[in-house]
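Below is a briefing on one chain, grouped by topic. Please look at the sequence and the structure before reading on.

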Amino acid sequence: MAPDPGSEPGAKADAEAAAGQAPDDSAQETPETQEADKAKPRKRSFWRDLVVIVVAALALTILLKAFVVQVFSIPSGSMENTLQVGDRILVSKIVYKFRSIDRGDIVVFSGAGSWDPPTPPPSNWLTGLWADAINLVGIAGPQTDYVKRVIGIPGDHVVCCNTKGQVTVNGVPLSESSFIYPGSAPSLLKFDITVPPGRLWVMGDNRGDSDDSRLRRTDPGGGTIPESAVVGRAFLIIWPFSRVSDLPIPNTFEQAALSGSAALATAPPATVAGGTVFAGAMALTWRRRRRRRRGDD
C-alpha cells in the first residue's frame, strides 16, 4: 500500500509552496536566530594579520637594535682568528650601563669624528632607509665602525715591548698567545703611552694586519679612542653556525696586579706622598716605643 501523501515528511512544505506560501521554519527569523548569527565569528583577513605581524616584528627589532643588542658583520681580517671575515656578531648595547669597559673586552666603536671624518648625512631619505635596513640585520654597516680589543683603559700605562717582546700594562706583561693570530708577534711597532681619562687603547688580534691605536698615534688622543664612541661589547658569534661561540675576556686580563698597578699609577702625587709619609711616621713611632720598652726592662 502506498503511503498517505499527507503523512510523508515534507509534504506540508510542498503543499505550502504550491499555495505560494513559504515553509513555516523560514517564514520569519526569531530573535534567537538573529542573536546566533551575530555571535558567529567573522573570518579575519590573512593579509591584514600578516601585515600586523611584520610591522610588530620590525618595530621590536628596531627597539632592540637601538637600545639592547645589534648584529654586526666582520668585514676584514684585523681580528683573526678570534673573528673571521663574514662572521656575524651580537653586540650588547646595555652592558656598559651596568659596568665599566674592561681590559680584554672586544668592542665595536665608531671612528667618525676621531679616526675618520664625520659621517655625512644620507643624500635622500630612501638611501638612509636602505642603509638602516641592511645595518639592522648585519648585512653591512657604517664604514666608520671598527671592532677591536681593549688593551688599556683610562690611566693605564701601555708599553711595547719588554725584553721578552710582550706588551705590558702598568708594568705587568700580557700573555696573549691564546687570542692573537698564530705566529704573530704582540707588536712590531714600539709605543709607550699613558691612556688619557675617558679614552681607550685598542688593538686588533691580528697584530700584523690591524689598523688600530698603534697606527693612529698622530691623531688626536695619541691613537686612543673616546669611551663615548663605543657602541657596545661583542659577546657572541651567531653566524656561520659552525662558528657559534661566546667571546669571553682572556685570563691574562684578569691579573690582579693590573688593577693594583693602575690604582697606584693614577693616584694623585699628594696621596702617594702622604701615604708614604704616614707609613714612615708609623714605623718610626713603633721603633721608639720598642726602644722605650727595652729601657724599662
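**Aromatic cluster**

Phe 109, Trp 115 and Tyr 146 are linked into a cluster by ring pairs. Rings of Phe, Tyr and Trp (its six-membered ring) pair if their centres lie within 6.5 Å; planes under 30 degrees apart count as stacked, over 60 as edge-to-face and the rest as tilted. This is a predicted model, in which local features need pLDDT of at least 70 and side-chain atom pairs count only at pLDDT 80 or more, while totals for chains, interfaces and linings use all residues. Residues are numbered from 1 along each chain as its sequence is written, and side-chain values use heavy atoms, with hydrogens and water left out.

**Ring pairs**

- By the ring rule, the count is six aromatic pairs.
- One of them is Phe 109 with Trp 115, an edge-to-face pair with 5.2 Å centre to centre and 90° between the planes.
- Phe 109 and Tyr 146 are stacked, because their ring centres are 5.5 Å apart and their planes are at 20°.
- Strands (E, at least two residues) and helices (H or I, at least four) are DSSP runs, numbered from the N terminus.

**Burial of the cluster**

- Buried means under 20% relative accessible area, exposed over 50% and partly exposed in between (1.4 Å probe, protein chains only).
- Phe 109 has 0% relative accessibility and therefore counts as buried.
- Tyr 146, at 15% relative accessibility, also counts as buried.
- Trp 115 is buried, as is Phe 109.

**Trp 239**

- Trp 239 lies in strand S11 (residues 230–239).
- Its relative accessibility is 42%, so Trp 239 counts as partly exposed.
- Leaving out residues up to four places away in sequence, Trp 239 touches Gly 86, Asp 87 and Arg 88; contact means heavy atoms within 4.5 Å.
- Arg 88 and Trp 239 are 151 residues apart in sequence, yet 4.9 Å apart in space, C-alpha to C-alpha.

**Trp 47**

- Trp 47 is placed in helix H3 (residues 46–67).
- Trp 47 counts as exposed because its relative accessibility is 61%.

**Model confidence**

- The average pLDDT (the predictor's confidence in each residue, from 0 to 100) is 77 for the chain, and 60% of the residues score at least 70.
- Over residues 269–281 pLDDT stays under 50, and the model has two contacts beyond four places in sequence for these residues.
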